[in-house]
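Q: Hi! I'm new to this one, could you walk me through it?

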Amino acid sequence: MAFLKTTLFFFLFFIVVLTEQCPKPQGSSFQINVHSTGNQDHPSVSAFNDYEFVCTWTSEKSSSSDDISGQELRWPHGGYVATIGEEFLVNNHTNDVQNKARLATHFDHDMFVIIFHSEDPSYEGIYGQVYTYTEDSTPIKRGKEFQADSGMNVDPKKDTLTLLDSKTFVAVWQAKPSDSSNANIYSQIFNITTTTPTKIGEEMLINDENDQATHGDPSIANLVNDMFIVAYELQDGEENQKIFGQAIDGSTLSDPQKIGAQFEISSKDNENKNLKPEVIHIGSEYQFLVSWISQNENEDQMVMAQLYEFDGASQPTKLSEAFQVSTDAVTSVKKISVAELDSDQIFFVYQSITDGWSDIQGSIFSIRSDGESVRFGQEFYVNTDTSQQKEHPMVSYLGSSRIIAVWNTINEETDSQSTSDIEAQSYIIQNNNKPQIKNSLSEQTCSSSTELNYQFASDTFEDPDGDQLRYTAFLDDDSSLPDWITFDRNERLFTGTPPNESTQLKITVMATDVCGESVTNSFNINLEVSPSYRVAFSSLLFLALYLLFLF
Ligand SMILES: *[C@@H]1O[C@H](CO)[C@@H](O)[C@H](O)[C@H]1NC(C)=O
Ligand SMILES: *[C@@H]1O[C@H](CO)[C@@H](O)[C@H](O)[C@H]1NC(C)=O
Ligand SMILES: *[C@@H]1O[C@H](CO)[C@@H](O)[C@H](O)[C@H]1NC(C)=O
């Protein structure tokens with residue numbers, strides 16, 4: 001009996017351990033915006049609960065006027081996404097350009113906050129609007145549009161925000177003091193108990209005021225007990241650009257206190273450009289993760305991440321070494337967005353380009369990681385349609401295994417005027433089914449005069465979940481292909497001019513799904529010795545003479 005129990009235990013244990021789980025797309029991507037003349041871009045998305053989320057974006061109304069639009073949505077069922085109510089206009093001041101909105105949802109209080117940037121010279125600043133969430137209709141404005149910055153500094157932009165634990169939120173942005181060309185990072189805490197939010201305390205300078213540098217692109221995350229972290233770019237006159245952070249104790253809302261000095265997040269020996277940080281809270285304690293774009297000497301851009309531990313009292317400390325999140329297969333990363341999933345998995349999405357593309361366009365890629373050094377599964381396309389350029393991805397975790405990713409797609413140019421639309425793709429974390437072999441690969445015969453040119457059929461492998469498969473090829477003994485063979489994994493094509501020898505090669509093709517599970521299939525290449533041209537020529541000559549002789 002004991003033996004049976006042990007066996008059963010191990011059996012169950014193996015079932016649990018062997019079932020990989022990973023995000024699977026639910027149906028196709030869908031368009032969010034209804035108004036579709038002009039550019040619809042820079043989406044922001046935030047979840048209310050397991051089923052509902054809000055998306056806002058910049059909507060071009062004319063060549064000189066942009067507005068902020070929004071839409072409440074419900075999780076798609078069977079590939080069908082339900083909009084809740086109508087597309088709504090966020091900004092009350094509609095003159096000139098209002099753009100780059102960021103959004104934070106507060107489910108417990110049935111509200112969400114949107115802040116955005118107004119470029120109108122007579123209305124310049126960071127503005128915001130609170131909305132009351134409504135279950136089945138268009139959300140309702142709560143109070144009036146308010147200005148978040150003090151108006152003391154010039155050129156305010158690159159705003160973002162986070163909700164704090166109490167019924168408050170903090171906005172951050174970059175702006176320049178009127179007597180300086182160096183931009184700083186500022187913050188302001190707001191009370192959202194009042195109908196229109198009211199400022200608590202003063203605008204605060206986040207970065208070190210004595211560091212003679214320019215600062216930009218802030219990102220903010222609330223940890224716990226109103227402790228928050230702001231990460232930003234810092235450029236100190238030299239060419240290299242770094243990522244810095246500052247921890248702040250906001251628990252005394254009217255007088256937030258910096259904890260320690262600003263600290264460098266990008267590694268000190270990295271002389272390259274480090275850009276666009278994104279900070280998120282991890283777990284239930286004070287841990288946080290900063291990811292950013294790092295550019296190397298070849299001007300390739302990759303996604304980096306660094307995990308931090310923080311005790312709430314002294315400067316945060318690095319938990320491990322910074323690590324490269326994106327693979328070497330993608331370059332030119334433009335924008336990152338990060339979300340924490342269940343069970344200590346971090347979901348990264350980024351706009352970049354990949355090798356093997358004939359025309360260079362951006363796509364949205366994604367990979368999961370533990371945030372420290374381990375990647376889970378494969379890097380894959382978030383957008384299933386790769387025919388048009390995608391930009392500005394943003395991801396939000398809804399809870400209960402549901403993820404929503406949004407971006408904007410640039411449409412083909414019409415009358416030299418390109419337009420773009422807001423698209424979304426929903427993902428659900430599910431058990432994985434391994435890819436399978438459906439058809440065999442065919443044996444190839446070639447020689448130095450008949451080149452290798454073999455494209456295996458697209459239905460050679462099949463994925464029961466409909467996952468994108470990534471192909472790799474190597475020799476039978478796991479060593480890499482000989483130099484003369486080129487394998488284009490996007491086209492599934494083997495090409496090359498073999499050496500003039502008689503031998504047989506066994507090639508293994510591996511198909512890997514988004515979860516990282518794979519299956520292999522093999523085929524032989526028979527190499528034959530080809531006769532020399534001289535031999536071929538002399539036999540032809542002989543034949544010609546013979547024919548001549550006959551007649
Ligand atoms: C919109 O702007 C008008 C004119 O400036 C102002 O009177 C009104 O209170 C504003 N409404 C909101 C909701 O902000
Ligand atoms: C927020 O406003 C409400 C209503 O005026 C007030 O009772 C409350 O004390 C304020 N909260 C903070 C943290 O200032
Ligand atoms: C290939 O090798 C064979 C024998 O080793 C030789 O006879 C032949 O001329 C070579 N062919 C070419 C095209 O070099």
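This is a predicted model: local features need pLDDT of at least 70, side-chain atom pairs count only at pLDDT 80 or more; totals for chains, interfaces and linings use all residues.

Q: Okay, let's start with strand β29. Is it mostly covered or mostly open?
A: Strand β29, residues 402–410, is mostly covered, with eight of its nine residues buried.

Q: And how many bridges join β28 to β29?
A: There are seven, and β28 (residues 390–399) runs antiparallel to β29. As one pair, G399 stands opposite R402 in β29.

Q: What happens at the turn in the hairpin of β28 and β29?
A: Two residues lie between the strands there, and S400 takes a positive phi near 50°.

Q: Which strand do nine bridges join to β29?
A: That would be β30, residues 420–431, and the two run antiparallel. Within β30, Y427 is the bridge partner of I403.

Q: New topic: what is the phi of D217?
A: Phi of D217 is near 45°, a positive value in a residue other than glycine. Most residues other than glycine have a negative phi. D217 lies in strand β15, residues 214–222.

Q: Why does D217 count as partly exposed?
A: Because D217 has 19 other C-beta atoms within 10 Å, and a residue needs 20 or more to be buried.

Q: And where does D226 lie?
A: D226 lies in the loop between β15 and β16. Its phi is also positive, near 60°.

Q: Last one: which residues surround ligand 2?
A: They are N191, T193, T194, I200 and L253. By class, that shell around ligand 2 has two nonpolar, three polar and no charged residues.

How values were computed: Residues are numbered from 1 along each chain as its sequence is written. Chains are lettered from A and ligands numbered from 1 in the order in which they are written. Helices (H or I, at least four residues) and strands (E, at least two) are DSSP runs, numbered from the N terminus. A residue is buried if 20 or more other C-beta atoms lie within 10 Å of its own, exposed if 12 or fewer, and partly exposed in between; C-beta atoms are placed from the backbone. A residue is near a molecule or strand if its C-beta atom, placed from the backbone, lies within 6 Å of it. Ala, Val, Leu, Ile, Met, Phe, Trp, Tyr, Cys and Pro count as nonpolar, Asp, Glu, Lys and Arg as charged, and the others, Gly among them, as polar. Two strands pair if DSSP finds at least two bridges between them.
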